[in-house]
Amino acid sequence: MASSPLFNSFLPKPTTAAPSPPSTSLSFSAKYVPFTAITSSSDSSPTAESYSLDEIVYRSRTGGLLDVQHDMAALKQFDGQYWRSLFDSRVGKTTWPYGSGVWSKKEWVLPEISDDDIVSAFEGNTNLFWAERFGKVHLDVYDLWVKHCGISHTGSFKDLGMTVLVSQVNRLRKMKRPLVGVGCASTGDTSAALSAYCAAANIPSIVFLPANKISMAQLVQPIANGAFVLSIDTDFDGCMKLIRQVTSELPIYLANSLNSLRLEGQKTAAIEILQQFDWEVPDWVIVPGGNLGNIYAFYKGFNMCQELGLVDRIPRLVCAQAANANPLYLYYKSGWQEFQPVRASTTFASAIQIGDPVSIDRAVFALKNSNGIVEEATEEELMDAMALADSTGMFICPHTGVALTALTKLRKSGIIGPTDRTVVVSTAHGLKFTQSKIDYHSRQIKDMSCRLANPPVQVKSDFGAVMDVLKNYLDSRAS
């Protein structure tokens with residue numbers, strides 16, 4: 001294997017003393033504000049609508065989304081070099097709670113929470129690996145990286161946001177706020193993360209799942225962690241409507257990405273990418289998109305790093321959607337003329353099978369401000385991309401297949417160049433989606449050629465028969 005483009009960044013560096021954490025007397029803070037206060041400077045005056053993070057509120061007075069706004073003036077008391085050094089000094093440590101990839105950026109996430117209230121499995125710090133063979137051989141891309149957020153406590157990036165949300169709920173319950181539990185609608189991964197973190201804090205979790213629309217591996221996780229699971233005869237959008245109605249009537253805290261706290265944790269994956277590149281900014285970051293909170297979270301993380309002087313630019317963002325659930329793609333292709341929800345069809349990328357995304361406005365804002373692009377992948381394209389990636393040593397989820405399809409299309413069109421540093425965000429572990437891989441390699445998927453299928457070869461228990469099969473295989477590899 002050739003030398004990695006980042007080889008020099010792993011060479012020993014002169015040791016320097018870790019910077020001291022900011023004094024506890026400094027007043028870092030954050031609050032909820034209407035999302036329009038982020039998108040329009042006229043709404044950001046001190047008299048504008050805002051809420052304490054200790055309030056239980058999900059929407060602005062006009063019904064719009066909320067966002068977590070940090071006191072940037074306080075954070076700017078320290079320069080970019082200080083924050084880079086502080087964050088780097090915490091990587092891999094066991095000092096509570098800074099060994100977490102999320103809580104190592106605590107001052108930028110939930111600055112006012114007590115360490116004793118934090119619920120963490122030391123999530124984050126996930127692998128960023130050079131996809132050398134896939135990039136060079138199949139795409140003529142020489143600086144392709146995969147950020148494997150699925151190598152996490154429950155096997156998906158959702159852990160990054162759930163540690164923040166459940167920690168805040170833990171804080172609220174200790175403050176005697178009337179919360180009997182936490183609830184979510186889920187296509188699988190959100191429920192797994194919610195149930196695990198709630199179980200760790202002994203907080204009841206309630207999960208609404210669309211019946212027969214998620215993998216068994218995803219279903220078993222909330223069940224194993226003791227969640228109260230309702231399998232409902234509807235799709236994700238129907239589950240989302242029901243959980244919002246329920247949480248408006250019962251003291252159950254809403255855990256879906258309508259709640260902007262989760263995005264504070266998810267944005268740390270963007271900061272982590274910059275750390276892993278020794279604070280060099282990649283050219284492109286490609287993120288699968290369903291409910292669309294994650295593409296905004298990545299933008300927010302990159303943008304904070306630029307605003308606070310850690311880097312001087314942000315990457316271009318690409319949101320990749322399944323063609324069977326592609327409202328953002330259609331909106332983008334229309335020139336952002338008019339958004340229309342769609343009725344999502346079944347897709348192997350089940351976690352992004354969402355036709356009416358909550359975070360549509362967040363996603364559009366992120367893409368417009370990063371000179372971003374939206375692409376889509378058909379079912380055959382995403383499954384072929386997953387199989388091709390797996391054949392080069394990966395073991396990815398179908399959602400990452402969607403992102404790799406987007407990369408392939410943008411490379412073929414020349415938008416992404418051969419030397420552009422490109423990061424594909426892998427959102428979940430492939431082990432959650434083994435049935436889709438079995439069906440593909442068994443050629444059991446209706447109306448799909450499964451052209452890269454690699455089924456086992458049936459052979460008699462006979463030395464000669466085995467030798468014949470092996471010789472044929474080795475000859476085919478040599479040709």
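Phe 35 has a relative accessibility of 6% and so counts as buried (under 20% relative accessible area; exposed is over 50% and partly exposed lies in between, with a 1.4 Å probe and protein chains only). The model is predicted: local features need pLDDT of at least 70, side-chain atom pairs count only at pLDDT 80 or more, and totals for chains, interfaces and linings use all residues. Residues are numbered from 1 along each chain as its sequence is written, and side-chain values use heavy atoms, with hydrogens and water left out.

**Aromatic pairs**

- Rings of Phe, Tyr and Trp (its six-membered ring) pair if their centres lie within 6.5 Å; planes under 30 degrees apart count as stacked, over 60 as edge-to-face and the rest as tilted.
- This rule gives 21 aromatic pairs.
- One of them joins Phe 35 and Phe 365 edge-to-face, with 5.7 Å centre to centre and 85° between the planes.
- Because Phe 35 belongs to helix H1 (residues 35–39) and Phe 365 to helix H14 (residues 360–368), this pair ties together parts that are 330 residues apart in sequence. Helices here are DSSP runs (H or I, at least four residues), numbered from the N terminus.
- Phe 365 also counts as buried, at 17% relative accessibility.
- The pair of Phe 298 and Phe 302 is tilted, because the ring centres are 6.4 Å apart and the planes are at 50°.
- Helix H12 (residues 293–307) holds both Phe 298 and Phe 302, four residues apart, or about one turn of the helix. Both residues are buried.
- A cluster linked by ring pairs contains Phe 28, Phe 78, Tyr 82, Trp 83, Phe 87 and Trp 108.

**Charges over rings**

- A charge sits over a ring if NZ of Lys or CZ of Arg is within 6 Å of the ring centre and within 35 degrees of the ring normal.
- Arg 90 places its charged end over the ring of Tyr 98, 3.9 Å from the centre.
- The face of Phe 277 has Arg 421 over it, at 4.4 Å from the ring centre.

**Gln 275**

- Gln 275 is part of helix H11 (residues 268–276) and is buried, at a relative accessible area of 11%.
- Leaving out residues up to four places away in sequence, Gln 275 touches Phe 87, Asp 88, Val 91 and Lys 105 (contact means heavy atoms within 4.5 Å).
- Phe 87 is also one of the residues in the ring cluster.

Key: Helix = DSSP H or I, 4+ residues; strand = E, 2+ residues; numbered from the N terminus.
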